[in-house]
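Hello,

Here is the structure I promised to pass on to you. Please open it alongside this email, and then read on for what turned up in it.

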Amino acid sequence: MSFDEKNPRPGEGAHRVTLDARSRLTVSGVDGVESFDENSIVMSTSEGSLIIRGEDLHIEKLSLDGGDLLVEGTVDSLTYEE
C-alpha cells in the first residue's frame, strides 16, 4: 500500500477529530450516526465505529454529504471499536 492510499486527501473520506477544551468536538469522515442521547453518541466513520461519552452532549451540526459532525457538551471519552 502506498503512502497516498493510507492518507486520503481532504474531502475523500479523510477522518479527523478535533476537541476544544473538552466542550466542542468536530469529527470529519463520518458515515452515519447510529445512536445518540445526552450521555453518548455512536457513529460510524471511515476509521471504524466511534463512541463519544460525556454529559449534556448535543449534535449541533451533522452533514452526511460532507461527513462532518459538530458536538457540544462535556466530553469524557472517545473510543474506537472495529
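Predicted model: local features only at pLDDT ≥ 70, side-chain atom pairs only at ≥ 80, totals over all residues.

First, a definition: two strands pair if DSSP finds at least two bridges between them. Strands (E, at least two residues) are DSSP runs, numbered from the N terminus. In general, strands of a sheet pair through backbone hydrogen bonds, either parallel or antiparallel.

Residues are numbered from 1 along each chain as its sequence is written, and side-chain values use heavy atoms, with hydrogens and water left out.

**The sheet**

Six strands form an open sheet with antiparallel pairing, in the order β1-β2-β6-β5-β4-β3. At its edges stand β1 (16-20) and β3 (30-36); each has a single partner strand, so one side of each is left without a neighbour in the sheet. From one strand to the next, the twist averages 35° (axes are lines fitted to C-alpha atoms, and angles run from 0 to 180 degrees between N-to-C directions).

Five bridges join β1 to β2 (residues 24-28) in the antiparallel sense. Which residue of β2 does R16 stand opposite? The residue is S28. R16 belongs to strand β1 and touches T26, V27 and S28, leaving aside residues up to four places away in sequence (contact means heavy atoms within 4.5 Å). R16 is exposed, at 58% relative accessibility (buried means under 20% relative accessible area, exposed over 50%, partly exposed in between, with a 1.4 Å probe and protein chains only).

**Two salt bridges**

How many salt bridges does the structure hold? There are two, where a salt bridge is a side-chain nitrogen of Lys or Arg within 4 Å of a carboxyl oxygen of Asp or Glu.

- R22 pairs with D76, with the closest N and O atoms 2.8 Å apart. Because R22 lies in the loop between β1 and β2 and D76 in strand β6 (residues 68-81), the pair ties together parts that are 54 residues apart in sequence.
- E72 pairs with R24, with the closest N and O atoms 2.6 Å apart. Here E72 in strand β6 is linked to R24 in strand β2, 48 residues away.

Enjoy exploring!

Technical notes:
Helix = DSSP H or I, 4+ residues; strand = E, 2+ residues; numbered from the N terminus.
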